[in-house]
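Here are my notes on the model below.

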Amino acid sequence: MTRRGGAAASGSLPVAAMTVPAPLRLHIDRSALVANWRALSALSGRAACGAAVKADGYGLGARAVVAALADAGCSDFFVATWAEAAAIADLGVPISVLHGVRAEDMPMATRHPAARPVLSTPAQVARWRGGNGGACDVMVDTGMNRLGIGIEDVASGLLDGLAIETLMSHLACADEDRAMNARQRDALAGLAGKTGARRLSLANSAGIALGHHYAFDLTRPGLSLYGGVQVAALEGVIRQVVTPHAQVLQRRTVPAGATVGYSATWTAPRDTAVAILNLGYADGYFRGFSDRGAARISDLRLPVIGRVSMDLLAIDVTAAPAIGEGDWVAIDFALPDASAASGMSQYELLTGMGARYDRQWI
Ligand SMILES: *Cc1c(COP(=O)(O)O)cnc(C)c1O
């Protein structure tokens with residue numbers, strides 16, 4: 001008996017070992033990423049400029065992001081967890097682990113060649129001391145009430161004798177013009193010289209735009225490296241890095257009066273050429289883009305019509321008679337515009353992009 005497609009008979013790879021190109025690509029512009037880091041570095045003045053690469057480099061792929069930015073001269077990288085630190089351990093770059101160190105992290109934390117925890121509770125400080133952990137960073141809370149030890153803990157000597165590389169805090173509303181920004185800055189500035197810390201650090205992407213007096217010794221941009229713009233000062237400075245491209249699975253003509261998609265929310269006002277794309281909310285192209293997003297072929301805008309499905313969506317291609325099955329279109333994904341269109345934050349758009357894209361660095 002022979003089995004249909006049997007690997008032994010054909011000598012081909014077993015299916016589990018085969019790969020096929022995805023019908024969905026993420027174009028990632030390395031030169032834009034590097035240019036964004038250089039721009040943020042310049043805005044940081046004399047402070048060093050690091051890079052937040054948590055959540056797998058905000059969805060782009062942490063390893064490739066770290067490699068590109070380390071090449072450009074970046075030497076401070078921030079991840080959330082020790083699993084994320086392990087994934088880039090072989091790249092040999094200095095890493096700070098923002099969530100600190102739990103008991104179960106200690107075996108890795110004390111062996112990782114280049115990562116140190118950002119200690120954020122008295123228990124973490126005690127754990128690190130008890131394990132002879134060596135160099136560390138410390139997060140101090142200056143009003144956000146998220147992670148961090150209290151300013152009064154510093155005053156009472158909690159950190160005495162620790163080998164602190166960076167003493168940092170985090171701004172709660174850096175992207176808004178609020179008095180709280182200056183209060184947090186002043187609170188961190190007040191800790192200068194009160195610990196053995198070699199450096200102070202406060203500003204994320206939007207914090208860098210607040211000016212040099214927020215930069216201290218080290219800045220920690222994330223979002224704007226990847227094309228996010230939340231404040232006017234970064235408009236025209238930050239370039240788009242990420243552009244999804246989706247393949248057309250079917251082209252059809254929808255007659256006047258017929259509907260498209262779930263809940264039949266879109267009705268054709270006239271006979272309409274429609275292309276179905278291999279892209280949906282499971283790829284982070286959220287339902288907020290229904291009737292609001294767009295694809296593009298060069299300068300031609302092709303609007304999303306009807307509701308975005310889990311894996312599919314429809315665009316009006318009446319203006320593009322040549323577009324058909326197997327062709328590729330770009331998706332409008334400039335983060336400030338995509339955020340306004342979809343109602344999702346720029347952070348959610350990046351980190352939601354999902355695993356089904358072929359990530360292509362160009
Ligand atoms: C995520 C994060 C950053 C980067 O913030 P962006 O707003 O993405 O620039 C900086 N510092 C800390 C502590 C963070 O958690």
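**Notes on the model**

1. Glutamine 184 counts as buried, because its relative accessibility is 1% (buried is under 20% relative accessible area, exposed over 50%, partly exposed in between; 1.4 Å probe, protein chains only). Glutamine 184 sits in helix H9, residues 179-189. Helices (H or I, at least four residues) and strands (E, at least two) are DSSP runs, numbered from the N terminus. Neighbours within four places in sequence aside, glutamine 184 contacts Thr142, Gly143, Met144, His170, Leu171 and Ala172; contact means heavy atoms within 4.5 Å.

2. A word on provenance. The model is predicted: local features need pLDDT of at least 70, side-chain atom pairs count only at pLDDT 80 or more, and totals for chains, interfaces and linings use all residues. Residues are numbered from 1 along each chain as its sequence is written, and side-chain values use heavy atoms, with hydrogens and water left out.

3. The domain assignment gives domain 1 (50-226) and domain 2 (242-361). Such bounds come from an automatic or database domain assignment. The C-alpha centres of the two domains are 38 Å apart. Across the interface, 10 residues of domain 1 contact nine residues of domain 2.

4. How much area do domain 1 and domain 2 bury between them? About 870 Å², with 72% of it on carbon and sulfur atoms. Buried area is the accessible area (1.4 Å probe) that two parts lose on being put together, summed over both. Tyr58, Leu60 and Leu223 supply 57% of what domain 1 buries against domain 2, more than any other three residues.

5. On the side of domain 1 that touches domain 2, helix H3 (54-58) and helix H4 (62-72) are the elements that give two or more residues. That side divides into seven nonpolar, three polar and no charged residues. Here Ala, Val, Leu, Ile, Met, Phe, Trp, Tyr, Cys and Pro count as nonpolar, Asp, Glu, Lys and Arg as charged, and the others, Gly among them, as polar.

6. Check two backbone angles. Tyrosine 58 has a positive phi of about 50 degrees, although it is not a glycine. Tyrosine 58 lies in helix H3 and is buried, at 6% relative accessible area. Alanine 264 also has a positive phi, near 50 degrees. Alanine 264 is in the loop between strand S12 (259-260) and strand S13 (266-267). Alanine 264 is partly exposed, because its relative accessible area is 37%.
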